[in-house]
Amino acid sequence: MVVCYRFAIGADTRLSSSFSKAFRKPGTIAPPSVYKISSVSSCHSDGISVMSRSARQPMGHPGSLVTPLTAGVLLALAGCVTSPDLPEAAVIEIVSGEDQIQGRGRVLHEPVVVRALDEAGLPVAGLRLRFSSFDPGTVVDPQSVTTDSLGQAAVSWTLGHVAGTQTLTASVPTRRGPIAEVTATARPGDFDIHIVFDNAVAVEHRTAIRNAAERWSAVLVGDLPDRVFERGFVPAYHCQGVEELAIPPGGVVDDVRLGVRIERDRDLAYRLGHCARRETEPLTMLAFWSVGAGILDATGADLEGWTTHLIGHLLGFGWAWGDRRRNAVRDEGLGADTHFPHPAAVAAFDAAGGAAWTGSKVPVQNHGPQWLVDVHWRESLMSNEIMSPDYTEDLQLKPFREMSLSAITVQAMAAIGYEVDVSEADAYTLPTPVVAAEPTAWRPGFRRWGDPENRTVAIFDASGRVVSVTRRR
Ligand SMILES: [Zn+2]
């Protein structure tokens, strides 16, 4: 490429990095001084682009690296010179890392990756990209990256300290080139669930699962002490070998790490559990959810709600209640009046319409399949609450899309050690008038239809809509 320049030099010229890099020769860099390009012309459009951009940029423009050159060097450039071919990009596109949510001042879990393409749509390698943000407190590392052979550049982004949408701009610093704007959201609270996905988890499922975790991060707001794994962590047998929970030596968990894996057997429903707990409440630190692809597909629009329910358990709902739960079915048999008497949870239950309930409060599931009792709110009273049983008595997954994460549940989480923001709870009212603590029959609240031959079951909501189709084992 032949580029021709003619320009005069003023007192405060600054040259952007790629320009000076392209023409720099050993021994030509002067002691720090600044010059101003007062006029620029060129016999090549690329030259105009390079020079006019650098002349236009304000002094101290972020990322515009200042490399002072002597007047002699610049004058030597006047006239026609042969420069190395400078890579150019027509577009910068986002590859990954967009729309992440993280606490203010925290580093995003995934890097931001962009790709530079030329006009033919081919990757542009060797192009220097600059990453910058005007959000106060933002840290980008590194701020400048040269694209690799795939045209890609990746950076780590630490969000600024103002809650809301934040923007990171990737640009070509020295020319009027394309830019890409990557957005992320800084949540007001400081409780983070780091989800690590198996590669087999589909993108749309990841979104629903992340949204579910964010529902919890909206109501559980306090940071927990960092746990440093000096020797690393390898998932043990009881962790079902969920490799996503592996942590290298020196790795940090802040606040909860959740491994999500697809089961090899498509028809297996799911398993979930803890791999490591904290020594003090709240106990959850490393947790896993290993789920069959069949049930993931079948839950459809209910996936986010159902995942919210499961993450609630993993965070301790029902599982970490200890002796706060009274009259457990586990101890006293089916029909025992299991309840969770934490005062703030009881007050929230009363406020939601439970004041007329004359039984023990807050009522907990006390009959049905063994794995549903003692760890959910009572279905007969709170069937529209997200922590009511997730399955009906005949093992059909309930429709979750319209269930509420109520102040009752949020207060129950406060009782096991979480700092909460109860104002972020969903508005919630018990579904039916509560008049007495009479024993109630199991009422699933919706009908089902199925094909016994291929073991599929469709679930209808109260208005008769099919809300999901599941395959039974
Ligand atoms: Zn459950």
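Predicted model: local features only at pLDDT ≥ 70, side-chain atom pairs only at ≥ 80, totals over all residues.
Reader: Before we start, what should I know about the model and its numbering?

Author: Local features need pLDDT of at least 70, side-chain atom pairs count only at pLDDT 80 or more, and totals for chains, interfaces and linings use all residues. Residues are numbered from 1 along each chain as its sequence is written.

Reader: At what angle do the axes of helix α4 and helix α6 cross?

Author: Two packed helices are described by the angle between their axes and the distance between the axes. Here α4 (residues 203-219) and α6 (residues 303-314) cross at roughly 50°, with axes coming within 8 Å. The pair is therefore oblique. The crossing of α4 past α6 is right-handed.

Reader: Which residues of α4 meet α6?

Author: Among them are Ala 208, Ile 209, Ala 212 and Trp 216, while the α6 side includes Leu 303, Thr 307 and Ile 311. Contact means C-beta atoms, placed from the backbone, within 7 Å.

Reader: Now the sheet: what is the strand order in the open sheet of five strands?

Author: Strands of a sheet pair through backbone hydrogen bonds, either parallel or antiparallel. The order here is β7-β14-β13-β9-β11, and the pairing is mixed. β7 (100-103) and β11 (144-146) are the edge strands. Strands count as paired if DSSP finds at least two bridges between them; β9 (residues 128-132) and β11 are antiparallel over three bridges. Arg 128 has Thr 146 in β11 as its bridge partner.

Reader: And which residues does Ala 345 touch?

Author: Beyond four places away in sequence, Ala 345 touches Phe 340, Val 362, Ile 408, Gln 411, Ala 412 and Ala 415.

Notes:
Contact = placed C-beta atoms within 7 Å. Helix = DSSP H or I, 4+ residues; strand = E, 2+ residues; numbered from the N terminus. Axes fitted to C-alpha atoms, helices over the stretch in contact; angles between N-to-C directions. Parallel < 35°, antiparallel > 145°, perpendicular 65-115°, else oblique. Left-handed = near helix turned anticlockwise from the far one by under 90°.
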